[in-house]
Amino acid sequence: MTEIHKKYRQAQTPKELYTERIAVLTEEIRQLNKHNRLVVVLELSAIGLAIGCVVAYTMWSNVAALVVAALFIAAYVAIRRRDSRNSRRSDEKESLRSVYQKELNYLDGDFSGFASGEQYVNPRHEFTLDLDIFGPQSLFHRINRTVTTGGSDFLARELAETRVRTIDEIEARREAIRELSEREPLRTAFMAQGRGRQINTDDILEALHAVRQMQVSRLAAHWFVHFAAVGSIIVFYGLLAGAVFGPLSGALPMLWVLLQILAVYLLFGRTLKRINQSISIILPRLGTYVNMIMLIVTADLKSREGRNIIRQLSADKQDALKSFRLLKGIINALDQRNEVWVPISNALYLADYFIVRRFLLWQDRYMGHIGEWIAAVSHFDALVSMATFRYNEPAATDAELVDADEVVYEARGLYHPFLGQKAVRNDFTIADRHYYIITGANMAGKSTFLRSVCINYVLASCGMPVFADSLRVSLFSLFSSMRTTDDLAHGISYFNAELLRLQQLIETCRQNRHTLIILDEILKGTNSLDKLNGSRLFLQSVTSLPITGIIATHDLELSKMQEEYPSRFHNYCFEIQLSDEITYTYRLSEGVARNQKATYLLKNILKSALR
């Protein structure tokens, strides 16, 4: 734990913690910048004094001046290293401060610092479009803190999962999220690795795939070639020693060097070029992956899911951290090659040969595991986002999961997570294969309530906390139809789009044991009588399927289905109060809504206009 976290680990709320961390980091950055200015002065002074000593030596031939010059140069090197270390520390603290500032902005309702997941919007998905799972101001936008696009994809898959999970899976996920939510320094350090930019996982995987498919000569990996290369280096230095200290001609080591350089160029020059072209794209992000893997494998996680991720990254003889460090070393060696240094390095120690050999050995030992390691980092990346969401929402609570072969949904004090603590809370219980007709005026709260029911179920099934005083649920499939749109480009009218959505609903429900369906105005694209008859026909037909449903409607006639099927259909409403102005209670109650605001508003308009 850093000094920052030791100083303020007693902070009571997320907002207090973020504010205090920002204050401490700001002061530390200020001190480092002040120190850096002093270091620059010292660097210039040291190099200036060294030059002065050299000038003094040339003028007076004083050997002591050369010694002092050497000391000043050594001091310059030491100061320069210290300066580099301080610059890195300053950058790290800036990244940490940026993470805390974004979290503080989140608590103030500003999510602009996070990706919204628009690329995951899918109108054909069973529920994500209707529930605002993806896109600006969405659930994903609120949760997402991912550093990699792989982590973003993992998080999106979890939120959009249609497979019914097991209780054990959810409990394992919940355990991992809870553990990480309590490890704020680890989460913040991990998020800070992104430096405000996401690493494109696909680019890295594509580059690594190209490396894996690359056909290169295996000559450098052969033991005999390695033996010959080491022997050649020994011979060169033997000839050089013989020429310097013995009777040998200086032409011999020079000739040997030229032969070495030529052999390396002919045998490995083309291979090196192909390797360099294939993996150069990885270099800018490889250091970040090394840091992220280091944070994960040293985290000492106790949860089952956390331990599995660490096990994936640090299996015996296939250590991810070691692999990425080796690859980073190879790439750095390639990056440092230049026209001047290549012949010298090949002359002195056959550098190009050993780079190719290191790469081939790395490829043989580690290449097959890279995809698995990157997937493990992406998994952890998504868990950090979920855990941060849990930490930022201390008022949320864990749902109680019920092992039942039916739809169970019992909510007390349920509210929509986007509305915060000021939201009106409602109690609601859903029984298996029952249907709930909800009526009410526009803006009375029907659609928001439907989304509250669903989005809290999505959170519960992902192992994240829910927004309710209590929520007791079994595990079932979910399907919604609330935002059907036309598709004129493909000749699909609004009404046809509705029919296609209902057809998709039926096909989906037939494939699942139990499904909760959420409908907001069935068949909106037709006339009132046709809409009523069609809605009744649809609901009567699906009662034979393993479906439980909530249906919001303005059509009060549809509520009469309770009279025909009292054991299966139930009426609820969001009533409004009409007096001098409209009052919205947002309270769910049993019965059918009687007050409709359209007529009331129109009367007021006509009364005012015809005066």
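A: A search of the whole structure finds 20 aromatic pairs, a pair being two rings of Phe, Tyr or Trp (its six-membered ring) with centres within 6.5 Å. This is a predicted model, in which local features need pLDDT of at least 70 and side-chain atom pairs count only at pLDDT 80 or more, while totals for chains, interfaces and linings use all residues. Residues are numbered from 1 along each chain as its sequence is written, and side-chain values use heavy atoms, without hydrogens and water.

Q: Why is the pair of Tyr-120 and Phe-134 called tilted?
A: Planes under 30 degrees apart count as stacked, over 60 as edge-to-face and the rest as tilted. The centres of Tyr-120 and Phe-134 lie 5.5 Å apart with 50 degrees between the planes, so the pair is tilted.

Q: What makes Tyr-120 and Phe-134 buried?
A: Buried means under 20% relative accessible area, exposed over 50%, and partly exposed in between (1.4 Å probe, protein chains only). Tyr-120 has 17% and Phe-134 has 10%, so both are buried.

Q: Why is the pair of Tyr-457 and Phe-476 called stacked?
A: Their ring centres are 4.2 Å apart and their planes are at 10 degrees, so the pair is stacked. Tyr-457 and Phe-476 are both buried.

Q: What makes Arg-142 a charge over the ring of Phe-418?
A: CZ of Arg must be within 6 Å of the ring centre and within 35 degrees of the ring normal, as must NZ of Lys. The charged end of Arg-142 sits over the Phe-418 ring, 3.7 Å from its centre.
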